[in-house]
Structure formats: structure tokens, C-alpha cells
Amino acid sequence: MIHLKDIAHGRSGDKGDHANIGVIAYTRAGHAFLARELTREKVADWFHALAPSAVVRYELPLLFAFNFVLRDVLGGGASDSLRTDTQGKVLATALLEMPLPTPEYLAAMLPPAERG
Amino acid sequence: MSRAVESLRIGNGAGFWGDNLDAPIRLAEAGGLDFLTLEYLAELTLSILAHQRRRDPAAGYVPDFPDTVARMIPLLKAQPNLRIVTNAGGLNPEACARATAKHLAGAGLGAVKIAWVTGDDLQPRLAELRGAGEAFGHFDAPERGLPGEFTSANAYLGAKPICGALDQGARIVITGRVADASLTVGPVMHAFRWAWDDWDKLATASLAGHLIECGAQVTGGLRTRWRGVPDFARIGYPIAVLSRAGECLITKAVGSGGVVDRESVSGQLLYEIGDPARYHTPDVTLDMTSVEIEDLGRDIVKVSGAKGIPPPETLKVSCAFANGYAAKGDLVVCGADAADKARACGEMILERTKLGGYPLARSEIELLGTEAALPGGFTADGPFAAYAAPAQALGAAGGMPPREVVLRVSAWDKDKAAVERFCREFSPLITAGPPGITGYAGARPKPRPVLSYWPSKVSRARVPARVDLKSAEELAAGPQREAA
């Protein structure tokens, strides 16, 4: 088992009561793997506690990226929400913890080394 | 006559009201900028400013901006070609311009021309616009019933009035609500004279604006691999370099902290977007799905391939309305059964508020430290529970459940008295609650008035923008009396 964060990075935010989570694979191989594994259904399940009214997966293949839009998950949005994370700031961090089956060619999906 | 420029450096020194106060100064000092942009207006900021303007007609703008200009006076003298574009005007761009002018006129910069852009504020025109057929229904849910009176209603203007102000010779342009990206598009259109229907070029400029509008979020802020961000405390704010031919680079000042690389730029590209093939701005609808990002090294990233199509005939409008009161309070709860105890205390606070005669319309109990704010698949009944069980049940350290959690209870009601009573039910737990609870020091929670957000739209043709321009000297002399 690996975690999504091993092969992708991400960022999340709000638009009214909706949240979006950008997920970007570090490599082309990782993107191909996520195209199969990181389905709309799986993301909706992962956030079932937030009861999204809809989850959409948009594709940005040239950037090895997906944009997930989760509708009506922020408790009314920035001002109305009574929750601590009123703006979906931690949703990317939460999604990157998702477990995934270990891919056959994991080495080809890992991020490039950080610059020194 | 200004000579034809071939490339333009636009730096953004503020991503919201409350951003780092030194960032614009550092960026302008080291960035070699043609334009400095400063973005201050989040979705509900104008409603907060409306509240302030009701108490003081000279208020209603972001005071950080004139303060920043005051600190930048030596820089403005040393860099005579540096110009500034900001949305700090909020609901009162003229007052913001006047406050800014006073600093300049008092420092020997009275000849500096300041422009202010108005026309976005639809609140005074609501009756007229409704009469003309504008319904102001909810952008996402047109079937939703309209709320009561809007406390603010502002259309998102585009880059044209900003470009127009610069064409007239403004060195500082102060707007109210404009699309964030338009703060960048305006200067680009002024400098390069691209056609307003050259959609791919407009898309490139809008993409550049989108990438820098949140300040340090594209230079290392929010980066997943945050440990790899060098010198995070001195993070540099972003610079977009655009060429007349339509190329775009994202970078930051040499020597500043942070990082601009493929990861930081692609993360920000996806920030707060919906359909990436249809990112709407008043200037152009941007298609990001054809965009490519190339890391050139040394904190320079090339962004190319943006495509544009004509924008919709309607402009987005941000409205707000007063909607009851909310409050929240925290307590620190300790013990081997901390999470259970904290929940019992939260329920006690709500029950006692009800016993006091105030059943609350909405409330929420969060146990921070038990992944309450991290809504992943970690809940015990979720489809990922098999993976999540160890984290949820055992806590991080040594297989023990958390022995210290923060209890946060929040409540909302139309009735302020109900929320006030809720606020008074935290401290009785000092004596009339379980042991092992602390954190009572500090002020009692207070009800805050809730301003709810109502996104809508309006026909573009009904929202003319207006540009005014004066020298700092003229502006500082005071409001002109209208001729009778």
C-alpha cells in the first residue's frame, strides 16, 4: 500500500459552499496510474462524512493533474459555516492521505529530488 | 510618448487584506518592477467595508494601502517608472485615493497622478436594476428564494478601466471590485496594446494574473512538500514577466526566500478553480487544459499554451446580506478519556443554553486533536475504516488515545440573545463540569453578526465603469465642491 501523497501533490480551497481539490501527479507514470485509481467515486467515498451533493473530476492531462470539485461540502461556506475549516483549506492534505494499492512501477512515479 | 516596451514585470505584493505588510516593500525594492499590484478583496470583504462605511462615510476602503504607499515614498522617488494598481478602494475608491494623495503631496510627490475606478458598486442602484429586469438570483441555485436587503452588491469589473486609467497617465490606479486577474491584465493591455478580442493573448495575461493574485501561494506557500521551501520566513512574492509576443514567466526577486518551480506553479494554477476549460473572468474565458508548465531552473517557470474564448455577456456580482449571529468558544480537556469528556461538555453547553430558554437554530461540536477538522476517510463508519482505524482509535503517540483535546463549540441563531446566552455557558463548567478542564482565561466568546454570501450576475451593458483622475496635490486639497 502507498498513499496518494507519495506520488502526487495537491491544493484545496473554496468557492462559496463548494470546495475544489487540485491533485497533480509528479510524473507521467503517476498520472496514468491515478487516472485509473483516483476515481470520482473513490474521492466521494473518502469525503462521505461531508456529504457532497456531487463530485466532479476534471482533467488537465498536460499538467498530469485532476481537479476535483466537491459541491455543498463547506457547511454553508466561509461566513455561514460553524466548522473550523470553513474554506476547505485542509481537504487536499486529507485527500493526500488516501491509501492506494502499490503500483508495479512505483519508482517511476516518485517526485524528483528537491533542489539543494 | 512612452517608448514601446517589449517585456513587462508585474509583481503582486498582497494576496488578501491581512497579508504581510513588508512584502510589497521588499518586492518593489528588489523586483525591478514596472507594476506593483496589491489585491485585498476576498468575497465578503466588501460587506465588512460596507459596515464600516455606514458608521463613517469617509471609510469603506482598505487603509493598509495608503499606509503602504507612505512607506514606499523613497522607493517611488528612486523608481520613477514604478506604477501601482490595487483594488484597495473597496466601496470608496475616491476616499482611498485621497488618503493616498495626502501622503504623496506631503512628501514632494504632489504631481503624481492617481486614478480611481468606480461603477462596480450596485447597492445604490438595486431598485433601478431590478426594474430593468435584473433578478439577482443565486448564481448556483437560481431557484433559491431571494434573501432580504443586500448589505453590499458589487459587480466584478474587468481590465478595461484599469487600462484606460493608465492610458491617461495614472501612476497609481485604485479600484473597487474588479476580477483579481484584471489587476494584471490592465497593465499588460496598456503596455502592449493587444486587441481586446485577441483571446489567447488575453488568456495568457489572465493566467499570469491568476497565478500571482494570491501572493506567496505561487512562490512556496501551501506547497505540499513544504520542507523543501528554502528560507520560508523570508518568502519572496511573485513576479509575472510578460512579453509583447505573449510569453509568460513566473518568478520572484533574486535573493528572496521561497521557491518557484513546477510544483509551486501547478499547485496554484489549480487553486480555487471549477471547470479548468472555462475559467471565467470579465476579460476572457480561459481554457487551462492546454497550458504547459516548464521549469527553467533558478526560480523561473515558463507558462504557455493558454487559450481564450469570449467572456459571458453577464458579469459576476458578489452580494451579501445580514443573517443572524454566530459565536464559538474553546476549552482544553485533559484525561485518559479526554475525547468522551469533551463531547459531554459540549453537549452540556448546548443543553444549558436550551434550558435557559434558547434552543439554538444551529450548533456544532468539534473535538480538535481527534481529526475532527480533517474529514478524510478516517471516520469509523467510512469505507476506508480498515486503513483508518489505527489513526482514529489510537492517536499518534505510542498507541494511546489522545489525552488532551480542544473542545470547540459553535452556534448560530437569528436571535442575538440566544447566541449571547450560549456564550455565557462556557465558564459555568469551571465548577459545574467534569475535572481536568482548563483554558478559561481570556475573554468570554462574543456573538458576531453573520454576513452571508450571495453570488449573482448582472448584464454587462448595465454596469458602466467610470475612471476619474487627479494629481495627488489636487486630491489632497480636499473634495471639490460641485458647481451649483
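Trainee: What should I know about the numbering and the cut-offs before we start?
Mentor: Residues count from 1 along each chain as its sequence is written, while chains are lettered from A and ligands numbered from 1 in the order written. As this is a predicted model, local features need pLDDT of at least 70 and side-chain atom pairs count only at pLDDT 80 or more, though totals for chains, interfaces and linings use all residues, and side-chain values use heavy atoms, leaving out hydrogens and water.

Trainee: How many salt bridges does the structure hold over all chains?
Mentor: Side chains of opposite charge can pair when their charged atoms come close. The rule here wants a side-chain nitrogen of Lys or Arg within 4 Å of a carboxyl oxygen of Asp or Glu. Over all chains, that gives 22.

Trainee: Asp121(B) pairs with Arg53(B); is Asp121(B) buried or exposed?
Mentor: The two side chains meet in a salt bridge at 3.8 Å, N to O. Arg53(B), at 29% relative accessibility, is partly exposed. Buried means under 20% relative accessible area, exposed over 50%, and partly exposed in between (1.4 Å probe, protein chains only). Asp121(B) comes in at 19%, so call it buried.

Trainee: Which residue forms a salt bridge with Asp167(B)?
Mentor: Asp167(B) itself is partly exposed at 39%. The closest N and O atoms of the pair are 2.8 Å apart, and the partner is Arg193(B).

Trainee: How many salt bridges cross the interface of chain B and chain A?
Mentor: There's contact (heavy atoms within 4.5 Å) between 64 residues of chain B and 52 of chain A. The rule also finds 22 residue pairs in polar contact, both at pLDDT 80 or more. A polar contact is a pair of N or O atoms within 3.5 Å; within protein, one must be able to donate a hydrogen and the other to accept it, and residues adjacent in sequence count only if both atoms are side-chain atoms. Salt bridges across this interface, though, number zero.

Trainee: Which element gives the largest share of the side of chain B that touches chain A?
Mentor: Helices (H or I, at least four residues) and strands (E, at least two) are DSSP runs, numbered from the N terminus. Elements giving two or more residues include strand 14 (314-334) and strand 18 (448-459). The largest share, seven residues, comes from helix 10 of chain B.
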